[in-house]
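Please view the sequence and the model together while reading.

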Amino acid sequence: MLLREVAYARPSTVDEAIAVLAGNEGARALAGGQTLINVMKARVASPEVLVDLADLEELRTIGFSADGLLEIGAMVTYAQLMASSEVDVARPILAEVASTIGDVQVRNRGTVGGNVCVADPTNHLPPLFAVLDATFTVRGAGGERAVSADDFFQGVYLTAVGEGELLTKVSVPPSKGAGDGFAGLTIGKQGTYVVNAAASVSGDGVRIAIGCVAATPVRATAMEEKLSAGDLSEDAVRAAADGLGASLDPPGDVHGSADYRRHLAEVAATRAVLQAASRRKGD
Amino acid sequence: MAAEPTASRAIGIDVNGERYERDVTARTLLVHFLRDELQLTGTHIGCDTGNCGACTVLLDGQPVKSCMLLAVQADGASVRTVEGLAPNGDLTPLQRSFNEHHALQCGYCTPGMLMSATALLERNPRPTEEDVRYALQGNICRCTGYVNIVEAVVDAGGES
């Protein structure tokens with residue numbers, strides 16, 4: 001299918017990219033294109049200008065900050081996450097989840113920045129970054145700001161990245177013995193999620209986030225609270241999940257009614273917490 | 001300046017070992033560039049929505065769906081298409097194995113299957129059935145039920 005006519009720019013620095021994004025009406029950042037190109041074909045999005053981030057090498061790196069945070073550039077692909085020794089050491093759940101996104105071809109092109117900036121409620125990474133207490137660095141003409149996951153995801157397809165701004169990296173604390181888990185139900189193996197849940201268990205307690213049940217990831221705070229006493233046996237986790245579904249107001253569609261999603265949220269949260277607990281190494 | 005948005009762009013792409021320099025409009029998909037501009041029609045357009053994998057080519061050695069990539073994004077890259085597998089007509093072990101295992105029926109998905117499987121065998125010369133199924137997940141076949149395709153790739157790995 002032919003795309004509508006569009007102009008294309010390929011800046012070589014982040015500042016240049018921000019200038020082009022800010023200086024052109026209807027400009028959109030093009031990362032891996034695994035969503036954007038398709039929605040352009042369907043005329044769901046019709047940007048006037050595509051600003052290709054491919055040459056911004058500083059967005060393609062995975063490393064550690066001076067204070068030990070795992071820093072993932074916005075243009076890092078899923079395939080890069082899977083192969084990264086830094087990710088493997090600091091937060092292997094990221095590679096594990098990345099290996100279940102899409103398919104080989106999508107993982108070779110799709111990026112971390114694209115996944116979170118699209119902010120599709122069924123995406124894998126938003127609930128995961130929410131439980132990992134990730135920080136999103138957003139840069140604009142006026143400088144850089146750090147945004148928490150709670151503030152980053154603002155709605156369906158809507159994030160804290162404003163016009164003329166660019167997400168440059170996502171920073172994640174290293175696990176330091178914490179265990180992380182991810183579970184849910186997909187449409188077909190490794191397909192789109194109907195409901196997903198991410199969990200992280202550390203000395204500070206349990207963090208749980210549910211995806212696909214609202215516009216943005218939903219923290220299961222009541223369940224977290226019930227588990228704060230430290231009993232993470234299967235019975236205790238199941239009991240703590242009880243009532244989570246009733247607290248949610250998920251959409252219903254051909255893949256599952258709202259009630260079914262409420263049920264799945266409890267199942268997925270239970271599995272994610274049990275997986276995370278089994279992986280915890282103590283602090 | 002390079003960052004100024006333009007409706008078209010001069011690109012240089014290496015396709016199956018040959019260098020091509022063309023002016024392309026920004027909206028041209030790589031698959032259209034290959035098929036319509038270079039007449040390399042072995043790369044098929046199946047779903048056109050990024051799901052089926054019939055348009056899979058190797059971009060700098062990695063399988064990608066050429067319907068989800070603009071030709072301008074491939075500027076400076078090296079692309080391999082199904083035409084590049086057996087330029088002199090001598091089939092690769094993988095292609096022979098597809099033949100021997102009857103790994104196709106209508107043949108529409110075959111170019112994409114071959115490219116995904118070629119990339120797999122290049123990084124994992126002896127894949128298991130599970131490896132093959134994981135590697136071919138982005139390639140849909142509506143005829144075969146996949147069994148013969150998977151057997152063909154596993155067998156090609158054992159041979160090479």
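In which sense do strand E6 (residues 135–140) of chain A and E10(A) pair, and over how many bridges? The two strands pair in the antiparallel sense, over five bridges.

This is a predicted model, in which local features need pLDDT of at least 70 and side-chain atom pairs count only at pLDDT 80 or more, while totals for chains, interfaces and linings use all residues. Residues are numbered from 1 along each chain as its sequence is written, and chains are lettered from A and ligands numbered from 1 in the order in which they are written.

**Strand E10 of chain A**

Helices (H or I, at least four residues) and strands (E, at least two) are DSSP runs, numbered from the N terminus; two strands pair if DSSP finds at least two bridges between them. Strand E10 of chain A covers residues 166–172, and six of its seven residues are buried, so the strand is largely enclosed by the rest of the structure. A residue is buried if 20 or more other C-beta atoms lie within 10 Å of its own, exposed if 12 or fewer, and partly exposed in between, with C-beta atoms placed from the backbone. The pairings of E10(A) are as follows.

| Strand of chain A | Sense relative to E10(A) | Bridges |
|---|---|---|
| E5 (residues 70–73) | antiparallel | four bridges |
| E6 (residues 135–140) | antiparallel | five bridges |

A:Gly73 stands opposite A:Lys169 in E10(A), and A:Thr135 has A:Ser171 of E10(A) as its bridge partner.

**The contact between the chains**

Two residues are in contact if their C-beta atoms, placed from the backbone, lie within 7 Å. Chain A brings 31 residues to the contact and chain B brings 26 residues. On the side of chain A that touches chain B, H6(A) gives the most, with five residues. B:Ala7, in the segment before strand E1 (8–15) of chain B, touches A:Glu5, A:Ala7, B:Thr25 and B:Ala26, not counting residues up to four places away in sequence. B:Ala7 is exposed, with 12 other C-beta atoms within 10 Å.

**The domains of chain B**

Domain bounds come from an automatic or database domain assignment, which for chain B gives domain 1 (8–84) and domain 2 (93–159). Their centres, taken over C-alpha atoms, are separated by 21 Å. In the contact between them, 16 residues of domain 1 of chain B meet 11 residues of domain 2 of chain B.
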